[in-house]
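Please read this briefing with the sequence and the 3D model at hand.

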Amino acid sequence: MQKIFYEVNSLDKRCYEKFALTEDILMEHASSSMASYIENNFENDKTVLIVCGVGNNGADGIALARLLYSRFNVKLYIPYGVKSQMAQLQLKRVNLIGIDIVEEICQCDIVVDCLFGSGLNKDLDKSSQKLIENLNLLDAFKIACDIPSGISSIGEITTVAFNADITITMGALKVSLFSDMAKDYVGKIEVSNLGVQREIYEEDSTLFLLDKEDMKLPFRDKKDAHKGTYGHLNVVAGSKKGAGVIAAKAAFGFGAGLVSVICHECIDLPYHIMQTHKLSENCTAIAVGMGLGNYEEKEIEVILESNIPTIIDADLFYEDVILKALDKNVVLTPHPKEFCALLKLTGIANIDVPTLQKDRFKYLSEFCTKYPKVVLLLKGANVLIGQDKNIYVNSFGSAVLSKGGSGDVLSGLVAGLLTQGYSCLDAAISASLAHTIAANNYKKNNYSLIPSDLVEEVKKL
Ligand SMILES: NC(=O)C1=CN([C@@H]2O[C@H](COP(=O)(O)OP(=O)(O)OC[C@H]3O[C@@H](n4cnc5c(N)ncnc54)[C@H](OP(=O)(O)O)[C@@H]3O)[C@@H](O)[C@H]2O)[C@@H](O)CC1
Ligand SMILES: Nc1ncnc2c1ncn2[C@@H]1O[C@H](COP(=O)(O)OP(=O)(O)O)[C@@H](O)[C@H]1O
Ligand SMILES: [K+]
């Protein structure tokens, strides 16, 4: 996994104070990394339009123009002049070389957005909005310097943002690149070193970006094993029984040894899934909440008060009874609307979904601080998994998963790992990665996936 930071100014400052580097050295590395990307991926005669703002994001762009000039057809555009000292110095350098500055944007093969970076501190004015909209219309490969212009430090987009194919971000990954809103704009993300290797530039962090290697699948190494070795999961089926059945099937396909569905009515189950009326004696994990609807309060209380590892989903986020489980090792998997209900129930915040989506990291971290034992997986375009002080981001998901039933598969995958002895955090991380990576492996078109396809892909991981 890779570290993510809320801000990197303090890391830049540490480079000057601790390693005697200068702003000029850091900037030279920032611009060189963008130049290398262009040199390695495009023919020499291509036209590169570099659009620069007044601050140091613009200064990175002016330095890039100097590095590419004469090898590429460089068009340097500085619509609002320059303000920062570094931008003035970079402008002096390109003037001495004799690089022309163009008066308007023009057709090009590559456009590099160096308008605003980490210094965006107010809403875009009309002129910058129009400029960004026009850059987005260009039929060119789009590179964002540090962060696509228009994305704020918490990842909010109030009007428009540059629509990048790739973001080359300086020094380290920033939280702003991983909001759900930013996902349509950042493209591929690469990190540029700033004069020291990333391990040296970075300090400790409590935020992490998950890699494929963080997915630990439940492969079976033990030879002297039987079905009980891999646990007995109980899934509580509610009024929408399909949800519980999907979860049960997903858990079975992900390695659970035995799976029983708790249901009081007769239910149509696949032959390998059992039915029961109460918790099994040898139950090793519980999944509850999916499709629950009306429920027997006493029965749910018994389940939530048991010390069996439990995953809680869907309808239970609206019910006071969930408060009984929040001092236990449980996994909660709400989507944003359910998380808003939970924030209200716990007295943390009374907010609507758009407010949550603007600052998902903040609200998740407030919840995890109050309930440090709970693992909370907040669904979305980028899934956030929080426990205590740490938050892990899974950015592999895509709209292939935007379907009823995808969440039930996820609950089943988490439950399948819990029942095989994974800790709550490990189960949430590996199940979430398996869920999104399996969806990406689905070969048919991106609108047709159904829960059983997803479980089939999980089986092939
Ligand atoms: N530190 C380093 O050593 C390194 C820094 N690096 C690079 O520097 C970038 C950060 O540079 P930065 O701090 O100068 O901020 P930047 O994003 O250029 O914008 C600030 C200017 O924009 C203005 N402004 C803001 N919002 C506005 C709006 N809505 N509409 C209009 N104007 C607006 C704002 O105005 P002011 O607040 O002055 O009124 C200010 O003048 C960083 O992203 C990275 O690319 C790398 O080279 C690595 C080494
Ligand atoms: N655009 C998207 N990008 C990535 N993942 C998505 C996207 N849309 C939905 N998902 C994932 O699909 C699942 C949907 O779950 P949920 O909203 O609970 O629906 P349901 O319970 O009806 O299946 C979540 O894991 C969510 O993260
Ligand atoms: K930018």
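**Ligand 2**

The shell around ligand 2 is made of five nonpolar, nine polar and two charged residues. In this grouping, Ala, Val, Leu, Ile, Met, Phe, Trp, Tyr, Cys and Pro are nonpolar, Asp, Glu, Lys and Arg are charged, and the others, Gly among them, are polar. The model is a predicted one: local features need pLDDT of at least 70, side-chain atom pairs count only at pLDDT 80 or more, and totals for chains, interfaces and linings use all residues. Residues are numbered from 1 along each chain as its sequence is written, while chains are lettered from A and ligands numbered from 1 in the order in which they are written.

- Ligand 2 is surrounded by 16 residues, and K379, G397, L401, S402 and G407 are the closest. A residue is near a molecule if its C-beta atom, placed from the backbone, lies within 6 Å of it.
- Helix α12 (residues 406-419) gives the most to this shell, with four residues. Helices (H or I, at least four residues) and strands (E, at least two) are DSSP runs, numbered from the N terminus.

**Ligand 1**

- Around ligand 1 there are 29 residues, of which G55, N56, N57, G117 and G119 come nearest.
- By class, the shell around ligand 1 holds 10 nonpolar, 11 polar and eight charged residues.
- Two helices, α2 (23-41) and α3 (56-68), each supply at least two residues of that shell.

**The recorded binding site**

- UniProt, in an unreviewed entry, places a "binding site" feature at N57, D113 and S149. UniProt positions are given in the numbering used here, feature names are shortened, and annotations may be inferred rather than shown by experiment.
- These residues are spread over 93 residues of sequence but cluster in space, with a largest C-alpha distance of 9.6 Å.
- N57 lies in helix α3, and N57 counts as buried because it has 26 C-beta neighbours inside 10 Å. A residue is buried if 20 or more other C-beta atoms lie within 10 Å of its own, exposed if 12 or fewer, and partly exposed in between, with C-beta atoms placed from the backbone.
- Leaving out residues up to four places away in sequence, N57 touches C114, L115, F116, G117, G119, C145 and D146. Two residues are in contact if their C-beta atoms, placed from the backbone, lie within 7 Å.
- D113 is part of strand β5 (residues 110-114), and D113 counts as buried because it has 31 C-beta neighbours inside 10 Å.
- Among the residues that D113 touches, not counting those up to four places away in sequence, are V51, K142, P148 and S149.

**Whole protein and domains**

- The protein has 14 helices and 19 strands, and 48% of its 461 residues count as buried.
- Its C-alpha atoms fill a box of roughly 80 × 45 × 40 Å, taken along the principal axes.
- The domain assignment gives domain 1 (2-205) and domain 2 (213-459); such bounds come from an automatic or database domain assignment.
- The centres of the two domains, taken over C-alpha atoms, are separated by 40 Å.
- Nine residues from domain 1 and 10 residues from domain 2 take part in the contact.
- UniProt, again in an unreviewed entry, places "domain: YjeF C-terminal" at residues 210-461.
- Over residues 210-461 the chain is 36% helix and 15% strand, and the end C-alpha atoms are 17 Å apart.

**The nonpolar core**

- The largest nonpolar core has 149 residues, and I50, V112, V235, A251, L413 and V414 have the most contacts inside it. Such a core is a set of buried Ala, Val, Leu, Ile, Met, Phe, Trp, Tyr and Cys residues joined through C-beta atoms within 7 Å.
- Helix α13 (residues 424-441) contributes the largest share of this core, nine residues.
- Domain 1 (2-205) and domain 2 (213-459) both give residues to this core, so the core lies between them.
- V414 touches I311, V331, T333, A427, A428 and A431, not counting residues up to four places away in sequence.

- In helix α9 (residues 336-345) the buried residues are E338, F339, C340, L342 and L343.
- The cover over these buried residues includes α10 (353-358), α11 (360-370) and β17 (375-378).
- P372 sits in the loop between α11 and β17, and P372 counts as exposed because it has 12 C-beta neighbours inside 10 Å.
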